[in-house]
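Thanks for making the time this morning.

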Amino acid sequence: MNFESILAHHLVDHKTSHKVIATVAGLPVDMGLSPLIRTMWIACAVAIVTLTFAARSQSSLARVMRSMFEPLALFVRDEILEPIFGHHAGHYLPYFLTLFFFLLTCNLLGLVPSMSGVTANPWVTAAMAICTFGLIQYAGVKEQGLVSYVVHIVPGGVPLVLWPLLFVIEVFGMFAKCISLCIRLFANMLAGHVVSLAFLCMIFIFSEMNKVAGTGMIVPSIGLALFIYTMDVLVSFLQAYIFTFLTALFVGGAVHPH
């Protein structure tokens, strides 16, 4: 059993079709499909259809689904956004609800066999961190104006001679926050896949040494893998919350510099 190839097949992206639309600096811009892209499209479709049905339909099934999703939406609004943004919360609510439910859907779809672990891929989480960085700049400029936002990047009361140095440090810190978002989500979602697969691989490792030992490892290995799988469901909710909360915290720092 090749542990590396199985893990790579589940997590590493590779193009299954190619469609080069342009060339930039000698490098082709390939818009072809890959497992990760397909999984993200499925996640978008699942989130849109499910949430729209729960919000619009008057059927009994929709009422049950609404009772499940509404507390999550209210939690994002009341417990995450309003304490940070105050009366600006309504302006940013659509973005953060979209972010939370997209992340949650991708995290849960990554646990479905044959689906790719979208949020366990560093390029995907890096793209989402770039969106956070862009939102920080947009919110800061929108709420304060360009000049005031740039001035307030450095905390007030700093001696003028130290201002350029602290400006560079604060800008670097802004990048570091977004990089930490990328790594935190990617590492946490990857860890569950690795540990589950490691437990299952123990069956084949022990079988190579002794057939009886391998047979004896079937029940404990599957049991441990199922336990990690259950924990991954909880981690999916937790990581969607953490990414959304930290993004709100970073954007709130740009909206309220004091």
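By class, how many nonpolar, polar and charged residues does the lining of the largest pocket have? In this model, which is a predicted one, the lining has 20 nonpolar residues, together with one polar and three charged. The space in that largest pocket comes to about 560 Å³, and among the 24 residues that line the pocket, the closest to its centre are Leu 97, Thr 98, Leu 99, Phe 101 and Phe 102. Four helices, α2 (35-56), α3 (60-85), α4 (89-109) and α5 (122-144), each supply at least two lining residues, and α2 gives the most, with eight.

Helix α4 has the highest confidence, at a mean of 93, whereas α1, residues 3-11, has the lowest, at 62. Where pLDDT is low, the predicted coordinates should not be read in detail.

Now to the rings, of which the structure holds nine aromatic pairs. Phe 85 and Tyr 92 count as stacked because their ring centres lie 4.8 Å apart and their planes meet at 25°, and both of these residues are buried. Ring pairs also link Phe 85 and Tyr 92 with Tyr 95 and Phe 96 into a cluster.

Another stacked pair is formed by Tyr 241 and Phe 245, at 5.8 Å centre to centre and 25° between the planes; both lie in helix α9 (residues 218-255), four residues apart, about one turn of the helix. Tyr 241 is partly exposed, at 29% relative accessibility, and Phe 245 is partly exposed as well, at 26%.

Note on methods:
Residues numbered from 1 in each chain as written. Predicted model: local features only at pLDDT ≥ 70, side-chain atom pairs only at ≥ 80, totals over all residues. Heavy atoms only, no water. 1 Å grid on protein atoms, 1.4 Å probe; cavity = no way out; pocket = protein on both sides within 12 Å on 5 of 7 lines; lining within 4 Å. Points joined across faces, edges and corners; volume = space filled by probe spheres on them. Nonpolar A, V, L, I, M, F, W, Y, C, P; charged D, E, K, R; others polar. pLDDT = per-residue confidence, 0-100. Phe/Tyr/Trp six-rings, centres within 6.5 Å; stacked < 30°, edge-to-face > 60°. Buried < 20%, exposed > 50% of the residue type's maximum accessible area, 1.4 Å probe, protein only.
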